[in-house]
Amino acid sequence: MISSVFLSLLFSSTINPNLTYAEDQKFKANLSGENEVPPVTSAADGKVKIKVKGDVIKSEINVTGISDVTGAHIYTGNKSENGESIVDLLKSGNKSETEGRIIIQGEINPADFEGPMTGKSLTDLQSAMGTEGTYVNILTSDHPDGEIRGQIKVSGSDSTKAESTVSNATTDDK
């Protein structure tokens, strides 16, 4: 019984990508000039928090050591490559400056997608972030191609729906 439940869930999650990720999932990125390709010398750093809640993706970027953010984007690409912009976080968010810090907060919707993400769903973006195939890049007038950057990764111990269901199914069968 356990193996048939597992195989059924594995097959379902392969066919239906909506089963792959939890509805309430969190992502993070640590921003640094060392993460740029090629690396950039910068005193700036930052943190990114992204939260999927139902059919909304909220983002918050907190940056210090920069006073002139000209762009903030999510790009496709692994940590060793430069990719294409898929979300303009300044367009979909609000930028504020307080006490030597820049904070950019916003909600991401499919209408905000650009480049290779155009026409895709929030689930597609969530899947790309879950495989570390995206990064956040902060642009400045001194570094128009990016001053600090960080790969987006799953935050904490959030598990997939399929893993939770398999875990519950195996516990129930004991």
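## A buried charge

Where is the place of D112? In this predicted model, D112 sits in the loop that runs between β7 (101–108) and α2 (122–130).

Here's the curious bit: D112 is buried, yet it has no salt bridge. The nearest side chain of opposite charge belongs to K91, and that is 5.6 Å away. A salt bridge needs the nitrogen and the oxygen within 4 Å. If you skip residues up to four places away in sequence, D112 touches I86, V87, D88, S92 and E107.

## Two salt bridges

How many salt bridges does the structure hold? There are 2. In one of them, the side chains of D24 and K53 meet at 3.9 Å, N to O. D24 is in strand β1 (residues 24–32) and K53 is in strand β2 (residues 45–53), so this pair ties together parts that are 29 residues apart in sequence. D24 is partly exposed, with a relative accessible area of 42%, and K53 is partly exposed too, at 47%.

K58 and E107 also pair up, with their side chains meeting at 3.9 Å, N to O. Here K58 comes from strand β3 (residues 56–64) and E107 from strand β7, so to speak distant parts of the chain, 49 residues apart. K58 is partly exposed at 46% relative accessible area, and E107 is partly exposed at 37%.

## A positive patch

Now for the surface: K28, K47, K79 and K153 form a positive patch there. Take K79, found in the loop between β4 (69–76) and β5 (85–88). K79 counts as exposed because its relative accessible area is 67%, and the cut-off for exposed is over 50%.

Note on methods: Residues are numbered from 1 along each chain as its sequence is written. This is a predicted model: local features need pLDDT of at least 70, side-chain atom pairs count only at pLDDT 80 or more; totals for chains, interfaces and linings use all residues. Side-chain values use heavy atoms; hydrogens and water are left out. Patches are made of residues with over 30% relative accessible area and no salt bridge: like charges are joined within 9 Å, nonpolar side chains (Val, Leu, Ile, Met, Phe, Trp, Tyr) within 5 Å. Accessible areas come from the Shrake-Rupley method with a 1.4 Å probe; for residues, only the protein chains shown count as cover. Lys and Arg count as positive and Asp and Glu as negative; His and the chain ends are not counted. The place of a charge is taken as NZ of Lys, CZ of Arg, CG of Asp or CD of Glu. Helices (H or I, at least four residues) and strands (E, at least two) are DSSP runs, numbered from the N terminus. Buried means under 20% relative accessible area, exposed over 50%, partly exposed in between (1.4 Å probe, protein chains only). Contact means heavy atoms within 4.5 Å.
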